[in-house]
Amino acid sequence: MRYYYRHILTIVMCILMSLTASAQNAFRPNAWLKSDTYAYVERDSTLYLDVYRPETPRADKAAVISLFGGGFFAGARDNRQMKDVARVLTERGFTVISIDYRLGFRDKEMVAQNSSVFKLTGLFNWCIDIAVEDCAAAISWVCANSEMLDIDPDRIILTGNSAGAVTVLQLDYYRANSQPEVSALPGGWKPAAVVPYSGGIMCRKRELRYASDPAPTMLMHGTKDKIVNYKSFGLPLSNKMFGAKKVDKAMDRQDIPHWIIRFDGNGHEVASWLPGSVDLFCLFVDYTLSDRITTVDATMNDSFLKANRWTDMSLFELYSGRR
């Protein structure tokens, strides 16, 4: 049976007491954390993924595929932030898989050909699309090797921060709309859940619309985010990036259950908050995997979510390097 209800703020408030401990421990040493590395697809170069196995796996064999951020020009599957994500989630029994994906803004020839302001949105869309294609290929590899990995392919959660969050949201949007960019996905496969931290969806249309149901989704976004705008960003007559506020409205319009956690006054620092919000992450996943599909709309403030160099940075400053 599925349960639908709106704005269960008490759920969020109950876990705030435990978030403090999680945030305080977010960066303790992880020397015990080890991974196995596998090649999953050949592009211009080989793309790899790292598999972190829990000491005590969940009984349901759920796994998390995690994508790093970096504006599609920086970041790495094995950087400190991704290892902290892997640590807190393996401690909760998840198998965690951190993947490579192509960084389109490193393609100097493509960037040079599309450097005018009117072509940049198309270039940005291409960067997202090739990241989505790689994520779909990684999912296909993981599902094909699920027995070796000792996971349930029907219980794979997608998460990511910033560019990684955009990629997982875009992948599920394409999947729900049968787009060719996700043709590598196994037939009929659907994420068990999608948890983007400061993500959005690129779309040419005036509003988002899902042809079929997206995966259960929890949107996490700062209302003052200037890199992945909380509302939307784009030039007239071009593709637009729809942030969490617009995705939430699209899902409301189609009566699609989802969670949205709005961080009032916070900026892009929300993108790196998964280690400090692991209790909330697990609560959402546990509700979803038990088929308790709910809708929650909450505004949150967390004193442990500290401002950083990304807080007030604009998209222009990010890509121009002027800060």
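**Briefing: cavities, strand pairing and selected residues**

Helix H8 (residues 278–289) gives the most to the lining of the second largest cavity, with three residues. Helices (H or I, at least four residues) and strands (E, at least two) are DSSP runs, numbered from the N terminus. A cavity is a set of points on a 1 Å grid over the protein atoms alone where a 1.4 Å probe fits but cannot get out, and its lining residues have an atom within 4 Å of a point. This is a predicted model, in which local features need pLDDT of at least 70 and side-chain atom pairs count only at pLDDT 80 or more, while totals for chains, interfaces and linings use all residues. Residues are numbered from 1 along each chain as its sequence is written, and side-chain values use heavy atoms, with hydrogens and water left out.

**Cavities**

- The structure holds two cavities of 30 Å³ or more; a volume is the space filled by probe spheres set on the grid points, which are joined across faces, edges and corners.
- The largest cavity contains about 60 Å³ of space, and its lining includes Ser-66, Met-82, Asn-161 and Tyr-197.
- At least two lining residues of the largest cavity come from each of strand S3 (63–67), helix H2 (80–90) and strand S5 (156–161).
- Six nonpolar, four polar and one charged residues make up the lining of the second largest cavity.

**Strands S11 and S12**

- S11 (259–263) and S12 (residues 296–300) pair in the parallel sense over five bridges; two strands pair if DSSP finds at least two bridges between them.
- Phe-263 stands opposite Met-300 in S12.
- S11, H8 and S12 form a left-handed β-α-β unit; a crossover is right-handed if, with the strands pointing away from the viewer, the path from the first strand over the helix to the second runs clockwise.
- Four of the five residues of S12 are buried, where buried means under 20% relative accessible area, exposed over 50%, and partly exposed in between (1.4 Å probe, protein chains only).

- Strand S1 (residues 35–42) and S2 pair in the antiparallel sense over seven bridges, and a hairpin joins them through three residues.
- Thr-37 stands opposite Asp-50 in S2.
- S2 also runs antiparallel to strand S4 (residues 95–99), joined by four bridges, with Leu-49 opposite Ile-99 in S4.
- Strand S2 (residues 46–52) is mostly covered, with five of its seven residues buried.

**Selected residues**

- Most residues other than glycine have a negative phi.
- Ser-162 has a positive phi near 60°; this residue is found in the loop between S5 and helix H6 (163–176) and is buried because its relative accessible area is 9%.
- Asp-255 has a positive phi of about 55°; this residue lies in the loop between H7 and strand S11 and is exposed because its relative accessible area is 67%.
- Arg-253 lies in helix H7 (residues 244–253) and counts as partly exposed because its relative accessibility is 42%.
- Leaving aside neighbours within four places in sequence, Arg-253 is in contact (heavy atoms within 4.5 Å) with Glu-207 and Leu-208.
- Arg-253 and Leu-208 are 45 residues apart in sequence and 9.7 Å apart in space, C-alpha to C-alpha.

Technical notes:
1 Å grid on protein atoms, 1.4 Å probe; cavity = no way out; pocket = protein on both sides within 12 Å on 5 of 7 lines; lining within 4 Å. Nonpolar A, V, L, I, M, F, W, Y, C, P; charged D, E, K, R; others polar.
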